[in-house]
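Have the coordinates open as you read.

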Amino acid sequence: MTVDFDPQIPQNRKLAALAALAGRYASPEHSVTHGGHVRTIAAGHYTVSGLSKHLHLGDFVAHRSPKGIHLGEVVRVEPDLAYVCPIEPGEPIAIGDTVIRKGAFRVAAQDGWCGRTINALGDPIDGLGPIMPGLERRPIANTAPPSMGRQRVEQGFRTGVKAIDIFSPLCLGQRLGIFAGSGVGKSTLLSMLARADAFDKVVIALVGERGREVREFIEDTLAGNMAKTVAVVATSDESPMLRKMAPLTAMTIAEHFRDQGENVLFIADSITRFAHAIREVATAAGEAPIARGFPASVFTELPKLLERAGPGEEGKGTITAIISILVDGDNHNDPIADSTRGILDGHIVLDRSLADEGRYPPINPLSSISRLARKAWTSDQEKLVARLKTLIHRFEETRDLRLIGGYRPGSDPDLDMAIKQVPILYEVLKQTPSDRPTPDAYADLAHALKAANTSGNGNARVRG
């Protein structure tokens, strides 16, 4: 995103060229009338003099160097200096370079963006040519709809993932977190959820992903749904500013489709890397950490982003958000996981021990909760799930006792039933990305229990 710049061009033409790039992303009302100059340069940021009176936190500026024109975000403003984090890594910055204000960063999405892969700046990176902007330019740092003007969440939908559809069913407009340590299967589960057919549009933010996995995810996982999908990508080697912007850009695109009355699935992988990017930017600006190295701005930005998802205002669509949270060292109470869990409408816990047993997806049904499950269950399904959880709990809490031969069959009817039925349930819940989405998980469970009963595998009927 550079513009060739000839230093022999007169200064007024230089400013005009800089303004042209700025206008590509700024709102039309921000005319270029003020300029400043780079004063100091440090790792992760530079300072600008002469613009402080005209800047606000979060404003973007355009910076001219002999190699082109680049963008940066204002992260701190003092009476005589403004601190700017460059958007792209490795930008050539020199003392005295010209800097102008461009205002809030905006994107203009439209239906033609579906099927495309873009970066955090809204530029295509899939080699399929340019994308045309829409008519409305929206700031990526937007606000959530007013709480009393939003629709109520009422309608459930099937994800096709049996463990979720039975134990933690979802509703349109819900916000769900997938919590797991590294290498347990978050991205795999997200790829399965991305195939749900309940949505008009899908917007995916891949934040801090390995570069080699991006093409595999888009071409393999999304192959059948790419026509209704927009993917926003910021890989792990990109600057913290781009990794911070990617979920904001993706959410803004999702809001565009929601306001057209469509039901949108928003997927972010992962929100933890978004928090890490905010931390890097805030630390470069001099903000002090308050919780295990995270500054206060992290815990301000997380709810700002996540509250934008959910049901829209009356007459508009919904944004169903499914985000992954990487828990450090499998500690589900680390600051990011704990803060995010309090904002969301439910959480799916992936258990490393289940993955070690070869049970995929390794969803722990006893630790996973959907706060809107009662809106998706029938009364009979709710009773059945409660009974299943009781049996799973009895099965797991007596595992060691049974392994050492300390349990005698017939002494506890509930445990006898759990021993017969829970292994069947675990087998039913196994599912891989190559399996077709399940239209009715309860029917699959009933069929498996009936088959076990018919084959003489004991009483396979779930009582209750």
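Which residue forms a salt bridge with E357, and how many Å apart are the closest N and O atoms?

## A pair close in the chain

The partner is R359, and the closest N and O atoms sit 3.5 Å apart. Keep in mind that this is a predicted model.

## Salt bridges across the chain

Across the model, the salt-bridge count comes to 28. One of them joins R101 to D59, with 3.1 Å between the closest N and O atoms. R101 belongs to strand β6 (residues 98-103), whereas D59 is in the loop between β2 (45-49) and β3 (60-65), so this contact ties together parts that are 42 residues apart in sequence. D59 is a buried residue, with a relative accessibility of 7%.

K375 and E154 make another salt bridge, this time with the closest N and O atoms 3.7 Å apart. Here the pair links distant parts of the chain, 221 residues apart: K375 is in the loop between β21 (369-370) and α10 (379-397), and E154 is in the loop between β9 (138-139) and β10 (156-157). K375 is partly exposed at 35% relative accessible area, and E154 is partly exposed too, at 45%.

Some charged residues go beyond simple pairs. E136, R138, R258, D259, E313 and K316 are linked in a salt-bridge network.

## Strand β4 and its neighbours

Strand β4 (residues 68-77) is mostly covered, with eight of its 10 residues buried. On one side of the pairing story is β3, which pairs with β4 in the antiparallel sense over six bridges. If you want a specific contact to look up, R64 has I69 in β4 as its bridge partner.

β4 also pairs with β5 (residues 82-86), again antiparallel, this time through five bridges. These two strands form a hairpin as well, with four residues between them. For a contact to check here, G72 has P86 in β5 as its bridge partner.

## Cysteines

How many disulfides does a search of the whole structure find? The answer is zero. As background, a disulfide is a covalent bond between the sulfur atoms of two cysteines.

Two cysteines are worth a look anyway. C85 is buried, with a relative accessible area of 3%. C171 is buried as well, with a value of 0%.

How values were computed: Residues numbered from 1 in each chain as written. Predicted model: local features only at pLDDT ≥ 70, side-chain atom pairs only at ≥ 80, totals over all residues. Heavy atoms only, no water. Disulfide = S-S within 2.5 Å. Buried < 20%, exposed > 50% of the residue type's maximum accessible area, 1.4 Å probe, protein only. Salt bridge = Lys/Arg side-chain N within 4 Å of Asp/Glu carboxyl O. Pairing = 2+ DSSP bridges.
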